[in-house]
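Open the model in your viewer and keep the sequence panel beside it. The stops below tell you what to select next and what is there.

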Amino acid sequence: MKVPLTYTLYGAPVSLYTGKARSYLRTQGIDFVEEAPGSERYLGHIVPEVGRWIIPCLETSDGEIVQDGADIIDHFEKGPGQELRRFSAYPESPVLLAIAHVFELFGGEGLLRPAMHYRWNFDDQNLAFLNSEFAVLVPGASHDEEAFLHNSGRMRKAAVNFGVTPESVEAIEAAFDEWLDLFSAHLVDHPYLLGSHPTIGDYGLIAAMWAHLYRDPAPAMLIKQRAPRVGRWVERMTTAEPYLHEYAAGSLTDDAALVNETALINDAELPDTLLALMAYVAEEYLPEVAAHVDVANQWLADNPDIEPGTNGLDSPAARGLMGGRGLVGSGAATFDWRGQQLTTGVMPYRFWLMQRLHDDLAAADQASQARVRELFAATNLEPLLDLRTLRRVERQGHLEVWGPVE
Ligand SMILES: N[C@@H](CCC(=O)N[C@@H](CS)C(=O)NCC(=O)O)C(=O)O
């Protein structure tokens, strides 16, 4: 008899990165319970094990702890949870896989500007909701709005670290409208980014698109008015049952088609709407991640003695390149974005995600590698294939660390 595995997901409805892991578990039909990070088990056991307060964390029935959205997905894709998933989130086609990696990176790390803006700059619409949402994280927390206004100060200020400033908000809104229009156009013929089931590209996108951009009141209204199709994709990403009403009946609603690799789009005939989304990522995010790599490489060159397997900082839990939380001390990078200069904090985690693209592509056959390069060149994304930090980022003991000097 198969022993049922029940997973505990430590996370929260209001959390961006929990959305990625939760969406995976739901769309794959994997049983789990979600527990607030204010719980005794989380604070007393998970945090000490993981080495920092961070969500999402997954705990298996035999006590294994997995931190990080990508690692949680890989527990089911490549690890012991494999037989519980319905389909693989990694496309077999190296071309589709490379595209999926781009959107995993972009969704989790490149859509943070609109996510932060639409969460923290619309108090009239959002404040009462956010106050209630954050209060549920901690048992017995106050629901007092004044106190929330004060306590949320750190998160409000954090928006600046992602390039949200009075000067940039107009362009952030225009860029997000453009994103909604492009994604909406793509979804006319495709229920998910790459066809008839979600891939890691969709799971990356749902991170920003769920808690911040679809659940919070102000952007929810925007999406429902401007891009209802995108709203239905968000909802589709939160269910195990087919949610495909607007697509041609028959094959798509057939469960076999859903789990079949051929249900993904043909990599030899990529739709123009997908190419347009890729070109959008090039404009919106490529200059930023390129600037981050430059700053990191300067820092690595200046600090050649960092012990492999550490982050080179006093606190092993620190997430910014230079340990800071905000722009000061985080190793901020400045880059051109839509006619202005933005400055954002550098986080090595992003390089680790980008390495997944590089590694999978390096493992592909020559013809596929050439095809990906051609495709990325046509959509202005080619430089992404060649961005490298002087040392690789590795994950050890739930933390990001530098690999050996190569
Ligand atoms: N790389 C992590 C990022 C997780 C993350 O940043 N989670 C946020 C909540 S959505 C967090 O725990 N922040 C706590 C902090 O920064 O102190 C993942 O993808 O799981």
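Two strands pair if DSSP finds at least two bridges between them. Helices (H or I, at least four residues) and strands (E, at least two) are DSSP runs, numbered from the N terminus. This is a predicted model: local features need pLDDT of at least 70, side-chain atom pairs count only at pLDDT 80 or more, and totals for chains, interfaces and linings use all residues. Residue numbers start from 1 along each chain as its sequence is written.

**Stop 1: the hairpin**

Strand S5 (residues 333-337) and strand S6 (residues 340-344) run antiparallel, joined by five bridges. Trp 337 stands opposite Gln 340 in S6. S5 and S6 form a hairpin, with two residues between them. Click on Arg 338 in the turn: its phi is positive, about 45°.

**Stop 2: the four-stranded sheet**

Now go to the open sheet of four strands. Its order is S2-S1-S3-S4, and the pairing is mixed. Strand S2 (32-35) and strand S4 (65-67) are the edges, each pairing on one side only. From one strand to the next, the twist averages 20°. Axes here are lines fitted to C-alpha atoms, for helices over the stretch in contact; angles run from 0 to 180 degrees between N-to-C directions.

Zoom in on strand S3 (residues 57-59). Three bridges join S3 to S4, and the two run antiparallel. Which residue is the bridge partner of Cys 57 in S4? Gln 67 is.

Helix H2 (residues 40-50) touches strand S1 (7-10), S2, S3 and S4. The direction of H2 makes about 70° with that of S4. Helix H3 (residues 69-77) touches S3 and S4, and its direction makes about 130° with that of S4.

**Stop 3: the ligand shell**

Select the residues around the ligand: Ser 15, Leu 16, Tyr 17, Trp 53, Ile 54, Ile 55, Pro 56, Asp 68, Gly 69 and Tyr 349. The cut-off is a C-beta atom, placed from the backbone, within 6 Å of the molecule. This shell divides into seven nonpolar, two polar and one charged. Ala, Val, Leu, Ile, Met, Phe, Trp, Tyr, Cys and Pro count as nonpolar; Asp, Glu, Lys and Arg count as charged; the others, Gly among them, are polar.

**Stop 4: the domain contact**

Colour domain 1 (7-84) and domain 2 (94-280) separately. These bounds come from an automatic or database domain assignment. The domain centres, taken over C-alpha atoms, are 20 Å apart. Across the contact, 18 residues of domain 1 meet 23 residues of domain 2. On the domain 1 side, helix H1 (16-27) and H3 are the elements that give two or more residues. H1 gives the most, with eight residues. That side divides into nine nonpolar, seven polar and two charged residues.

**Stop 5**

Select Val 281, in helix H14 (residues 272-284). Is Val 281 buried or exposed? Val 281 counts as buried because it has 23 C-beta neighbours inside 10 Å. The cut-offs: buried is 20 or more other C-beta atoms within 10 Å, exposed is 12 or fewer, and partly exposed lies in between, with C-beta atoms placed from the backbone. Leaving out residues up to four places away in sequence, Val 281 touches Val 102, Phe 106, Gly 110, Leu 286 and Leu 381.

Finish at Leu 130, in helix H6 (residues 123-135). Leu 130 is also buried, with 22 C-beta neighbours inside 10 Å.

Terms used
Contact = placed C-beta atoms within 7 Å.
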